[in-house]
Amino acid sequence: QLKELLREARRGRGLAHPLVFKESGEADHEMQVLYLESLLVSLTMRHPGSTDEKLAGLARERSEDTGETFDKAQSQILLHNPELYERYQQELHERYQQGKRGTTMRPSQETKSLDSSINTRKEQK
């Protein structure tokens with residue numbers, strides 16, 4: 001149900017909840033969608049499987065809903081979910097250490113710049 005609600009919200013459907021407002025007092029649809037997306041990421045991370053497989057699934061869904069490229073969708077998910085990004089990086093490092101250099105993730109300029117974006121967000125908190 002959450003996936004369907006998120007899909008419709010990404011396509012512009014108005015949301016009554018969560019209550020998130022801009023300074024002007026109007027509903028902040030973008031923040032509502034980001035909140036629902038982070039909730040979906042948290043629930044997804046509870047299921048078994050590798051982080052990159054989960055991330056790829058989430059990115060595919062977001063890409064289908066928003067029309068963003070796969071890489072852009074993946075970058076946005078990681079940017080707004082630093083815990084997921086850290087877990088993903090940890091798994092990549094562990095795989096590298098074990099000599100398993102293959103990954104389902106495709107490198108892109110956007111994903112390469114996430115470290116600095118996420119570090120900047122952490123410093124701002």
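Student: At roughly what angle do the axes of helix α1 and helix α3 cross?

Tutor: First, this is a predicted model: local features need pLDDT of at least 70, side-chain atom pairs count only at pLDDT 80 or more, and totals for chains, interfaces and linings use all residues. Residues are numbered from 1 along each chain as its sequence is written, and side-chain values use heavy atoms, without hydrogens and water. Now find α1 at residues 2–10 and α3 at residues 51–66; helices here are DSSP runs of H or I with at least four residues, numbered from the N terminus. Their axes (lines fitted to C-alpha atoms over the stretch in contact, with angles from 0 to 180 degrees between N-to-C directions) come within 8 Å and cross at roughly 40 degrees.

Student: Why is α1 called oblique to α3?

Tutor: It's down to the angle: the axes of α1 and α3 cross at roughly 40 degrees. That makes the pair oblique, because under 35 degrees counts as roughly parallel, over 145 as roughly antiparallel, 65 to 115 as roughly perpendicular, and the rest as oblique.

Student: How many charged residues are in the contact of α1 with α3?

Tutor: On the α1 side you'll see K3, R7 and R10, and they meet E61, R62, E64, D65 and T66 of α3 (contact means heavy atoms within 4.5 Å). Sorted by class, there are no nonpolar residues, 1 polar, and the number of charged ones is 7.

Student: Which element gives the most residues to the lining of the largest cavity?

Tutor: The largest cavity holds about 30 Å³ of space, and its lining is K3, L6, R7, R10, L40, E61 and D65. Two elements give two or more residues to that lining, α1 and α3. With 4 residues, the one that gives the most is α1.

Student: How do α4 and α5 lie to each other, roughly parallel or roughly perpendicular?

Tutor: Look at α4, residues 70–80, and α5, residues 82–97: their axes are 5 Å apart and they pack at about 110 degrees. So α4 and α5 are roughly perpendicular.

Student: How many nonpolar residues does the contact of α4 with α5 have?

Tutor: From α4 come I77, L78, L79 and H80, while α5 brings P82, L84 and Y85. By class there are no charged residues and 1 polar, and the nonpolar count is 6.

Student: How many charged residues does the contact of α3 with α5 have?

Tutor: Here α3 and α5 pack at about 135 degrees with axes 9 Å apart, so they are oblique to each other. T51, D52, K54 and L55 of α3 meet L84, R87, Y88, E91 and R95 of α5. Those divide into 3 nonpolar and 1 polar, and the charged count is 5.

How values were computed. Ala, Val, Leu, Ile, Met, Phe, Trp, Tyr, Cys and Pro count as nonpolar, Asp, Glu, Lys and Arg as charged, and the others, Gly among them, as polar. On a 1 Å grid over the protein atoms alone, a cavity is a set of points where a 1.4 Å probe fits but cannot get out, and a pocket is an open set with protein on both sides within 12 Å along at least five of seven lines; lining residues have an atom within 4 Å of a point. Grid points are joined across faces, edges and corners, and a volume is the space filled by probe spheres set on the points.
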